[in-house]
Amino acid sequence: MSTEVASDLVANVAKVLVSVGDAVSAGDELALLESMKMEIPVLAEEDGTVTDVRVQEGDVVQEGDVLVVLD
């Protein structure tokens, strides 16, 4: 079962920290968003393997946009 990790706010993607195929654990940082000069880490909510990275550095994301998909 896939888990979509989405943005909680409108932000710029400052860094993408994972690639397809990476194994992640709950609490691992997947990406770093920047909003209003604050950096907000995007964390894995559960253990899994990255199956899709839907953003790249420099993208602007909206609230609810899917950033990473875990399986």
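A residue is called buried under 20% relative accessible area, exposed over 50%, and partly exposed in between, with a 1.4 Å probe and protein chains only. By that rule Asp52 is partly exposed, because its relative accessibility is 28%.

Good morning. The model is predicted: local features need pLDDT of at least 70, side-chain atom pairs count only at pLDDT 80 or more, and totals for chains, interfaces and linings use all residues. Residues are numbered from 1 along each chain as its sequence is written, and side-chain values use heavy atoms, with hydrogens and water left out.

Let us begin with the sheet. It is open, with 4 strands in the order β1-β8-β6-β3 and antiparallel pairing. Strands are DSSP runs of E of at least two residues, numbered from the N terminus, and two of them pair if DSSP finds at least two bridges between them. β1 (3-6) and β3 each have a single partner strand, so one side of each has no neighbour in the sheet. Between β1 and β8 (residues 66-70) there are 4 bridges; Thr3, for instance, is the bridge partner of Leu70 in β8.

I turn now to the salt bridges, each a side-chain nitrogen of Lys or Arg within 4 Å of a carboxyl oxygen of Asp or Glu. The structure holds 2 of them. Arg54 meets Glu4 at 3.8 Å, N to O. Because Arg54 lies in the loop between β6 (48-53) and β7 (60-61) and Glu4 in strand β1, this pair ties together parts 50 residues apart in sequence. Asp52 also bridges to Arg54, with the closest N and O atoms 2.9 Å apart. Through shared partners, Glu4, Asp52 and Arg54 form one network.
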